[in-house]
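The following note is meant for a colleague who is meeting this structure for the first time. Its points are numbered and may be read beside the model.

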Amino acid sequence: MLEGAPMQLRKDALFHSAQRSTAEVNKWLAAMVANSRAPLEVRKDALFFLAQRKADASDDMSALYDGALPFEIKKDLLFFFAQRRDDKSLLKLIAAAKSDPSEALRKDALFYLAQSKDPRALKAIEEIAIP
């Protein structure tokens, strides 16, 4: 959609689109994050705007994490899951800590789980430490 456009124009399009609070915008932002043809910087900006939205964005973010994304975006997703503090995000952190193929991402998920006050986070850490 924004192929060939200058980087600043792409960023402006993301910013202005993200100001609208609709499910369609959530889907559009998620599609931008998942778009492997988009520059990494644009994808990360789209993820930032998606993560700033209300709880309805958690479903989109969770589905994104399960897709084929670059390491850098998955790392950012883990951070945003930790910031959201909703059930879906906590469950995604637990799943990532237990089974992400990347050891580095599993460690990041564990780090964020350790900061949580939710008893499910502690239980997950115990299950990982003592299988």
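1. Helices in this note are DSSP runs of H or I with at least four residues, numbered from the N terminus. On that basis, Leu69 belongs to the loop between H4 and H5. The model is a predicted one.

2. Is Leu69 buried or exposed? Its relative accessible area is 14%, and buried means under 20%, so Leu69 counts as buried. Beyond residues up to four places away in sequence, Leu69 touches Val33, Ala34, Arg43, Leu64, Lys74 and Leu77. Leu69 also lies 9.0 Å from Asn35, C-alpha to C-alpha, although 34 residues separate the two in sequence.

3. In soluble globular proteins, nonpolar side chains tend to be buried together.

4. Helix H6 spans residues 87-99 and includes Lys92. Is this lysine, Lys92, buried or exposed? With a relative accessible area of 11%, against a limit of under 20% for burial, Lys92 is buried. Its contacts, apart from neighbours within four places in sequence, are Ser62, Tyr65, Asp66 and Phe81.

5. The next matter is how H5 packs on H6. Their axes come within 8 Å and cross at roughly 140°, which means that H5 is oblique to H6. The crossing is left-handed. On the H5 side the contact involves Leu78, Phe81, Ala82 and Arg84, which meet Ser89, Lys92, Leu93 and Ala96 of H6. Sorted by class, this contact holds five nonpolar, one polar and two charged residues.

6. How are H6 and H7 oriented to each other? An angle of roughly 135° separates their axes, which come within 7 Å; the two helices, H6 and H7, are therefore oblique. Their crossing is left-handed. H6 contributes Leu90, Leu93, Ile94, Ala96, Ala97, Lys98 and Ser99 to the contact, and H7 contributes Arg106, Ala109, Leu110, Tyr112 and Leu113. Nine of these residues are nonpolar, one is polar and two are charged.

7. H6 also meets H8. The axes of H6 and H8 come within 10 Å and cross at roughly 10°. Angles under 35 degrees count as roughly parallel, so H6 and H8 are roughly parallel to each other. From H6 the contact draws on Asp87, Leu90, Leu91, Ile94, Ala97 and Lys98, and from H8 on Arg120, Ala121, Ala124, Glu127 and Ile128. The contact of H6 with H8 comprises seven nonpolar residues, no polar ones and four charged ones.

Terms used: Residues are numbered from 1 along each chain as its sequence is written. This is a predicted model: local features need pLDDT of at least 70, side-chain atom pairs count only at pLDDT 80 or more; totals for chains, interfaces and linings use all residues. Side-chain values use heavy atoms; hydrogens and water are left out. Buried means under 20% relative accessible area, exposed over 50%, partly exposed in between (1.4 Å probe, protein chains only). Contact means heavy atoms within 4.5 Å. Axes are lines fitted to C-alpha atoms, for helices over the stretch in contact, and angles run from 0 to 180 degrees between N-to-C directions. Angles under 35 degrees count as roughly parallel, over 145 as roughly antiparallel, 65 to 115 as roughly perpendicular and the rest as oblique. Ala, Val, Leu, Ile, Met, Phe, Trp, Tyr, Cys and Pro count as nonpolar, Asp, Glu, Lys and Arg as charged, and the others, Gly among them, as polar. A crossing is left-handed if the near helix is turned anticlockwise from the far one by less than a right angle, and right-handed if clockwise.
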